[in-house]
Amino acid sequence: MVTAVRHLGPNWYAAVMGTAAVATAGAALPGPRVPGLRTVCAAVWALSLLLLLALLAARALHWTHHRDQARAHLLDAAVAPFYGCLSMALLAVGGGALTVGRDWIGDDAALALDVVLFTAGTATGLAAAVAVPYLMAVRHRTMAAQATPVWLLPLVAPMVAAAVGPLLVPHLPPGQARATLLLGCVAMFGLSLLATLLMLPLVFARLITGDPLPLALTPSLFLVLGPLGQSTTAVGAFADAAPGALPAPYTEALGVLAVLYGVPVMGFALLWLGLAGAHVVRARRHGMGFAMTWWAFTFPVGTCVTGAAALARHTGLFVYDGLAVGLFGLLVAAWSVAAVHTVRGLFSGALLAAPRPAPVAPRPVTVRTTSGAVR
């Protein structure tokens, strides 16, 4: 077991996030309740909790017995951003405890679990949002041409905290406690949003001016949906929690923000979904095989499901009901494919093996034809 976890990186928390996203997204679907759906969502949430516990134990072994590899991960520009996934896994499972997990473990246990996971997830998320960009600046020495959507991961973690934090607001005493938590979530919303707006142009510029992403990294384009869907979910959650926490002018303002912010951002999310999907189709035609990056097809889409559901609540438009249901179908399909391939990779040992060195590409040769053209 100790040897098996040597190459277990923080990217594995994406499997926990994707599994929890299925549970919370299913529970958030608008419209008539599908018989048995909530029970299935509760079971999926329980699976995400078990996965989180198993992964925390495995990562503890990794840090205890393979500190050299753990330090190498932190100093690797391609791996370090995945440390944001730890925070998001904790927050996703914690938020799921209050939405669907309480059906199985009870309200008191669900609240206690969410308090612990929200506190730990928020602390680690804020730490990652500072530490990873710092390492990128002073140790990794990355270039703009190397930008990938993976760079967004540590910056999105505070947005996840902002989206799930309002679930705890009604459980606090009225007055200062509720207002402090809610406005603290709004602050994390702003922190993550502004940081994402700084990073996203680098990613888009690389796509337009550089070569397409390597095949294995192409699914990471779906990560851009994360801050878009999660921020839409967050502003909807602010509007839901505000009446019991803030005075009247601010409750009305947050209700307006939920619509005026969420509608255009969800529109851009759909645009990006089409762009990312086209890149994935191209990558599959060029031989893209399974990698753990396929989990990027899950949790970012899950945030768009909850974002569309929030817009359905606050606008009353049936089009957002349909959008949420359609995206949920895409989420379930993506989760099923990623889960099956991950289980196969675990049993075969391929996913826990040491990474293979990249093949050495032949040096390009430039020749000039008799017509003067360069090839």
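**Confidence, helix packing and aromatic pairs**

The model is a predicted one, and the mean pLDDT of the protein chain is 90.

**Confidence**
- A pLDDT of 70 or more is reached by 94% of the residues of the protein chain.

**Packing of α8 and α9**
- Helix α8 spans residues 225-241 and helix α9 spans residues 248-285; the two pack at an angle of about 165 degrees, and their axes are 9 Å apart.
- Because angles over 145 degrees count as roughly antiparallel, α8 is roughly antiparallel to α9.
- The crossing of these two helices, α8 and α9, is left-handed.
- On the α8 side, the contact residues include Leu-225, Leu-228, Val-235 and Phe-238.
- On the α9 side, they include Leu-254, Tyr-261, Val-265, Phe-268 and Trp-272.
- The residues of the contact between α8 and α9 comprise 15 nonpolar and five polar, with no charged.

**Aromatic pairs**
- The model has seven aromatic pairs.
- In the pair of Phe-189 and Phe-238, the ring centres are 5.8 Å apart and the planes stand at 85 degrees, so the pair is edge-to-face.
- Phe-189 belongs to helix α7 (residues 176-209) and Phe-238 to helix α8, so this pair ties together parts 49 residues apart in sequence.
- Phe-238 is also among the α8 residues that meet α9.

Note on methods: Residues are numbered from 1 along each chain as its sequence is written. This is a predicted model: local features need pLDDT of at least 70, side-chain atom pairs count only at pLDDT 80 or more; totals for chains, interfaces and linings use all residues. Side-chain values use heavy atoms; hydrogens and water are left out. pLDDT is the predictor's confidence in each residue, from 0 to 100. Axes are lines fitted to C-alpha atoms, for helices over the stretch in contact, and angles run from 0 to 180 degrees between N-to-C directions. Helices (H or I, at least four residues) and strands (E, at least two) are DSSP runs, numbered from the N terminus. Angles under 35 degrees count as roughly parallel, over 145 as roughly antiparallel, 65 to 115 as roughly perpendicular and the rest as oblique. A crossing is left-handed if the near helix is turned anticlockwise from the far one by less than a right angle, and right-handed if clockwise. Contact means heavy atoms within 4.5 Å. Ala, Val, Leu, Ile, Met, Phe, Trp, Tyr, Cys and Pro count as nonpolar, Asp, Glu, Lys and Arg as charged, and the others, Gly among them, as polar. Rings of Phe, Tyr and Trp (its six-membered ring) pair if their centres lie within 6.5 Å; planes under 30 degrees apart count as stacked, over 60 as edge-to-face and the rest as tilted.
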